[in-house]
Amino acid sequence: MIELTPSQIAGLKLAQLGDLYPQSAKKWTHQNATVTYAKTDRWKERPQKIKFISDKTLEELREPGFLERLHVDDDAGKDAYAITMAGKIWLLKNK
């Protein structure tokens, strides 16, 4: 059984929502991630942060096989990553 840190678990859950693409400053998030606003706020809409993971967390999830590159022919720094079946099974067993 592989133990993951809370930041790795959050990164795995983020990858489960969609493919991860490189953003500025060594951060990875969804391709067209933008600031969203909470509509449940009674007084005004508040911006919700864009969720992202760092390069280090991405590498830590890639080593045991939880994430994989989508286009192996492209540059590794610009390629998108997707969750593997092993990552999905880990999330199901450890939620």
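**Notebook: loop, core and rings**

I started with Thr34, which is exposed, with a relative accessible area of 55%. The cut-off for exposed is over 50%, so Thr34 makes it into that class. A reminder to myself: I'm looking at a predicted model.

Where does Thr34 sit? I found Thr34 in the loop between strand 2 and strand 3 (36–38).

I noted an open sheet of 3 strands in the order 1-2-5, and the pairing is antiparallel. Which strands stand at the edges? Strand 1 (21–22) and strand 5 do. Each of these two has a single partner strand, so one side of each is left without a neighbour in the sheet.

I zoomed in on strand 1 and strand 2, which pair in the antiparallel sense over 2 bridges. Here Pro22 stands opposite Trp28 in strand 2.

Lys27 lies over the face of Phe52, at 4.3 Å from the ring centre.

**Entry: the core**

Then I went inside. How many residues has the largest nonpolar core? I wrote down 15 residues, and those with the most contacts inside it are Leu12, Leu20, Leu58 and Leu67. The elements that give two or more residues to this core are helix 1 (6–17), helix 2 (55–62), strand 7 (81–83) and helix 3 (85–94). Helix 1 supplies the largest share, 3 residues.

I picked Leu58 to follow up. What is Leu58 in contact with, once I leave aside its neighbours within four places in sequence? My list reads Leu20, Trp28, Ile53, Leu67 and Tyr81.

**Entry: helix 2**

The buried residues of helix 2 are Thr57, Leu58 and Leu61. Why do they line one face of the helix? Seen down the axis of helix 2, they fall within an arc of 100 degrees, so they share one face.

**Entry: aromatic pairs**

I counted 2 aromatic pairs in the structure.

Trp28 and Tyr81 make an edge-to-face pair, 5.3 Å centre to centre, with 80 degrees between the planes. The pair links distant parts of the chain, since Trp28 is in strand 2 and Tyr81 is in strand 7, 53 residues apart. Buried or exposed? Trp28 counts as buried at 4% relative accessibility, and Tyr81 is buried too, with a relative accessible area of 3%.

The other pair is Phe66 and Trp90. Their ring centres are 6.4 Å apart and their planes are at 50 degrees, so I logged the pair as tilted. This pair also links distant parts of the chain: Phe66 is in the loop between helix 2 and strand 6, Trp90 is in helix 3, and they are 24 residues apart. For burial I noted 5% relative accessibility for Phe66 and 9% for Trp90. The cut-off is under 20%, so Phe66 counts as buried, and so does Trp90.

Methods:
Residues numbered from 1 in each chain as written. Predicted model: local features only at pLDDT ≥ 70, side-chain atom pairs only at ≥ 80, totals over all residues. Heavy atoms only, no water. Core = buried A, V, L, I, M, F, W, Y, C linked by side-chain atoms within 4.5 Å. Buried < 20%, exposed > 50% of the residue type's maximum accessible area, 1.4 Å probe, protein only. Helix = DSSP H or I, 4+ residues; strand = E, 2+ residues; numbered from the N terminus. Contact = heavy atoms within 4.5 Å. Arc of directions from axis to C-beta. Phe/Tyr/Trp six-rings, centres within 6.5 Å; stacked < 30°, edge-to-face > 60°. Lys NZ or Arg CZ within 6 Å of the ring centre and 35° of its normal. Pairing = 2+ DSSP bridges.
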